[in-house]
Amino acid sequence: MSAIEKIEELLKEKGWTKYRLAKESGLPQSTITSLLSGRVKNPSAESLIKIANALGVSTGVLLGEED
């Protein structure tokens with residue numbers, strides 16, 4: 001599972017929208033939309049850390065390195 005797929009899965013589990021993720025992570029909504037739509041192929045480590053923190057998981061979970 002890719003990081004994007006994991007983020008989408010976690011959003012569904014939490015019942016969050018892209019807007020909510022943007023707000024909770026402190027990232028612009030355009031960044032979240034670009035990432036989840038596949039326009040951004042390699043998100044920055046900083047973005048992944050902010051997203052992971054917002055979702056309450058480690059970056060390892062997003063990257064498929066841990067459960």
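Reader: Is E46 buried or exposed?
Author: E46 counts as exposed, at 52% relative accessibility. Exposed means over 50% relative accessible area, buried under 20%, and partly exposed in between (1.4 Å probe, protein chains only). This is a predicted model, where local features need pLDDT of at least 70, side-chain atom pairs count only at pLDDT 80 or more, and totals for chains, interfaces and linings use all residues. Residues are numbered from 1 along each chain as its sequence is written, and side-chain values use heavy atoms, with hydrogens and water left out.

Reader: Which residue forms a salt bridge with E46?
Author: K50 does, with the closest N and O atoms 3.3 Å apart. A salt bridge here is a side-chain nitrogen of Lys or Arg within 4 Å of a carboxyl oxygen of Asp or Glu. K50 itself is partly exposed, at 29%.

Reader: Where do K50 and E46 sit?
Author: In helix α4 (residues 45–55), four residues apart, so about one helical turn separates them. Helices are DSSP runs of H or I with at least four residues, strands runs of E with at least two, numbered from the N terminus.

Reader: How many salt bridges in total?
Author: Three. Another one pairs R20 with E24, at 3.0 Å between the closest N and O atoms. K6 and E9 also form one, again with 3.0 Å between the closest N and O atoms.

Reader: And K6, buried or exposed?
Author: Buried, with a relative accessible area of 17%. E9 is partly exposed at 28%.

Reader: Changing topic, how many helices and strands?
Author: Five helices and zero strands.
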